[in-house]
Amino acid sequence: MKSWDFAKIWRLPDLRRRVVATIIILGVFRIVSHIPIPGVDTASLRKLFSANPFLGLFDLFSGGALQNFSVASLGLNPYINASIIMQLLTMVYPKLEELSKEGEYGREKINQYTRFLTLPLTLLQAYATYFLLSSQGVVSKLAPLSLITLIVSLSAGTLFLMWLGELLTEGGIGNGISMLIFAGIVANFPTSLGRTLLSTTAEGFSGVAIFGLLGLIVIAGVVFINEAVRQVPVEYARRTRSGKSLGTTPSYLPLRVNQAGVIPIIFAISFVLLPTLVAQYLKGVSNARALEVSNFLVNLFSPSSVFYNVFYFLLVVAFTYFYTAVTFNPEKISEDIKKYGGFIPGIRPGRATADYLGKIIQRITLAGALFLGLMAVLPTLAQNLTRVTAFSLGGTSILIVVSVVLETLKQVKSQIDTRSYEGFLS
């Protein structure tokens, strides 16, 4: 967007109202993130989060609410998980697939099913959070009534954030859920940066400088991969009213290098976190063998271990291919091209076109999968290179922030252009 585009935002009443509504909703979100739930040792909780990068990543998605143990501690994680599950079910369950093709009505019904699924996932995750924190001594053992109150409070916070996200989508700028996650990530940046500068000696500022340079390189890489597409030429026959062909109309089918977004990293985190949770549970068991297994898992899946980083990287690559295969259907795209009278030059319509598209998507997905895998293990690589540990260069967080900024700017520019054309036509 050009600089004068931002000035136009305030000159367009409808767009100005949307921007103001966005600011207000994000402000409410930050206030809710600091409403604490009593009975928690916050000092021990912060110590636990500083020692476990996975818990730090979940805290990142909640905007620091989990580290404060506020009513919004679970953030939007249950809703994100429900959305992923519904998206996968839409691909494999015929009735949901038919519903997704029914336009606005179908999307609204699927969104409603997603909300219904969010509630049990929220209750389950609230109890899992209590179980994890109580096993670490951060939260004391609660009586049944107090435990129910805690679970209901955490669940109500997530449902409230989900409602705020939908309000933001309807009356604000950008996708509401993405904007809330973006606000949570950005809100933690000044604190982390200040902690890094205060803890860095004069000799260590060279590492901070390298760290900043790596950050700029990562941002440029995220923009490049996020916007990278392979344009497959497609030609459509032009016909007159008498049905005679008058040549072809050239067009392109854009295939994104990163079809899966950040979802493979979320999948991989769930799998890599599982051994750590098992280790924490076994640590509380009064058995020597269980304690040995717990120590083995802790050492094996330590963020600084080679096995952990290689395993995490390979998981992200595998899930990228899996999710792309689920969401991208070459047969369906081939049928749609054929139905509208199109064809890829040099490729026969039908099965040959589907095989051709399948080969292309497999090749470009490799670049996207390797990039996402690098983003997943980037914090460890950056810390080993720069020796800066107070500030984590989270590839996942940068990926989310840059993607949300790009999509929001595109939406704002689209609305400005639409209103400019409306003024011209009037």
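## Exercises on a predicted model

Of the 426 residues of the protein, 42% count as buried (under 20% relative accessible area with a 1.4 Å probe, protein chains only). This is a predicted model, where local features need pLDDT of at least 70, side-chain atom pairs count only at pLDDT 80 or more, and totals for chains, interfaces and linings use all residues. Residues are numbered from 1 along each chain as its sequence is written, and side-chain values use heavy atoms, with hydrogens and water left out.

**Exercise 1.** Find how many helices and strands the protein has.

*Solution.* Take the DSSP runs: helices are H or I with at least four residues, strands are E with at least two. The protein has 17 helices and 3 strands.

**Exercise 2.** Compare the reach of helix H14 with its expected span.

*Solution.* Step one: H14 covers residues 306–327, which makes 22 residues. Step two: the expected span is 1.5 Å times one less than the number of residues. Step three: H14 reaches 32 Å from first C-alpha to last, close to the 32 Å expected.

**Exercise 3.** Which residues of H14 are buried?

*Solution.* Among them are Tyr 308, Tyr 312, Leu 315, Phe 319 and Tyr 323. Residues three or four places apart point the same way, because an α-helix has 3.6 residues a turn.

**Exercise 4.** What does a side-chain oxygen of Ser 305 reach at the start of H14?

*Solution.* Look for the backbone nitrogen of Tyr 308. The side-chain oxygen of Ser 305 comes to within 3.2 Å of that atom. Tyr 308 is also buried.

How values were computed. Buried < 20%, exposed > 50% of the residue type's maximum accessible area, 1.4 Å probe, protein only. Polar contact = N/O pair within 3.5 Å; in protein donor to acceptor, adjacent residues only side chain to side chain.
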